[in-house]
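Have a look at it first, and then read on.

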Amino acid sequence: MGSQEVITIENDFTLIRFQNDSDTPFHAQREVGSGLIQFHFGIKGNAKFIFNQGNYALELKEEKSLLLYNPQKELPLNLELAPNSWVISVIISIKKFHALFSTEAYYITFLSPDNKDKKYYNEGNISPSMAIVLSQLFHYSLHPSIKNLYYKGKGYELLSLYFNKTEDPNAEQCPFLIDEDNVFKIKKAKEIIIANMAEPPGLQELADQVGLNLKKLKMGFKQIYGDTVYGFLFDYKMDYARKLLDSGSYNVNEVGLKIGYSTGSHFIAAFKKKFATTPKKYLMSINTNV
């Protein structure tokens, strides 16, 4: 099912995580008053922001960002999130935002004297350093007592990186990721393991195929996708298995074989680990609901 988590970082500073791991679109609506700036980041899949009762829409694709601001009217958030898609949105008041850049306001285009009272829209790319922060926001694993502090720090870090025109590799948590070529190689590694999920290459073989050393492959994969190579692949395989079961075209053993399990018992154990139920019980629940 799709979900949204609203994290109030401070007054007039909100972060929202939208997650749709289902097979159907997820819709979310939220009132957003005038004088608030909206930053939207497409982490995975595709999304669409709908305006004027459906007469106008802006697409948000994977690894893209949208900045929306209109001081003259409210811009309610009306989001349609495609299946298997994730988005993070940051909503902050112009007053709070302006205070962050009060000595450097000329640097931010829509804060210039000529534009400060005009509506503003900008589409951009998510940089490697922004991708790391967005991944960390989605894969939070620290103690709940510091959750708000963690999100506050990451929220401000994300905004600073958004407006950073010349990234300094020395400031990176994982310096090699600033190299776009290395980021491409990590993404290529993901494509390779997905394409060969039934018989994935070993880590060293995978590193050789994409032209990275083993350490950089493991570190980079964790930074970008929030998991180890095989941890990511396990989750992907289980989600793919669930879709095959949903289709009604395959039995449990056939699904297990398709994703690389030579014995049914191993597939059943893996599926139960992921979804806390067996494939057979899952199929029964689908048939019951039909």
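A residue counts as buried when its relative accessible area is under 20%. By that cut-off, 43% of the 290 residues of the protein are buried. The model is a predicted one, so let us turn to confidence as well as to fold.

The secondary structure consists of 10 helices and 10 strands. Among the contacts with a separation of 6 or more, 68% join residues 24 or more positions apart.

How confident is the prediction? The average pLDDT of the protein is 83, with 86% of the residues scoring at least 70. The two ends of the range among the elements are these:

| Element | Residues | Mean pLDDT |
|---|---|---|
| Helix H1 (lowest) | 94–100 | 76 |
| Helix H5 (highest) | 203–210 | 96 |

Please take care with residues 166–176, where pLDDT stays under 50. For this stretch the model has 20 contacts beyond four places in sequence.

Now for the helix pair. Helix H2 (residues 128–138) packs with helix H3 (residues 147–162) at an angle of about 160°, and their axes lie 10 Å apart. Angles over 145 degrees count as roughly antiparallel, and H2 and H3 are therefore roughly antiparallel to each other. Their crossing is left-handed. On the H2 side, the residues that meet H3 include Met130, Val133, Leu134 and Leu137. H3 contributes, among others, Tyr150, Tyr151, Lys154, Leu158 and Leu161.

Methods:
Residues are numbered from 1 along each chain as its sequence is written. This is a predicted model: local features need pLDDT of at least 70, side-chain atom pairs count only at pLDDT 80 or more; totals for chains, interfaces and linings use all residues. Side-chain values use heavy atoms; hydrogens and water are left out. pLDDT is the predictor's confidence in each residue, from 0 to 100. Helices (H or I, at least four residues) and strands (E, at least two) are DSSP runs, numbered from the N terminus. Contact means heavy atoms within 4.5 Å. Buried means under 20% relative accessible area, exposed over 50%, partly exposed in between (1.4 Å probe, protein chains only). Axes are lines fitted to C-alpha atoms, for helices over the stretch in contact, and angles run from 0 to 180 degrees between N-to-C directions. Angles under 35 degrees count as roughly parallel, over 145 as roughly antiparallel, 65 to 115 as roughly perpendicular and the rest as oblique. A crossing is left-handed if the near helix is turned anticlockwise from the far one by less than a right angle, and right-handed if clockwise.
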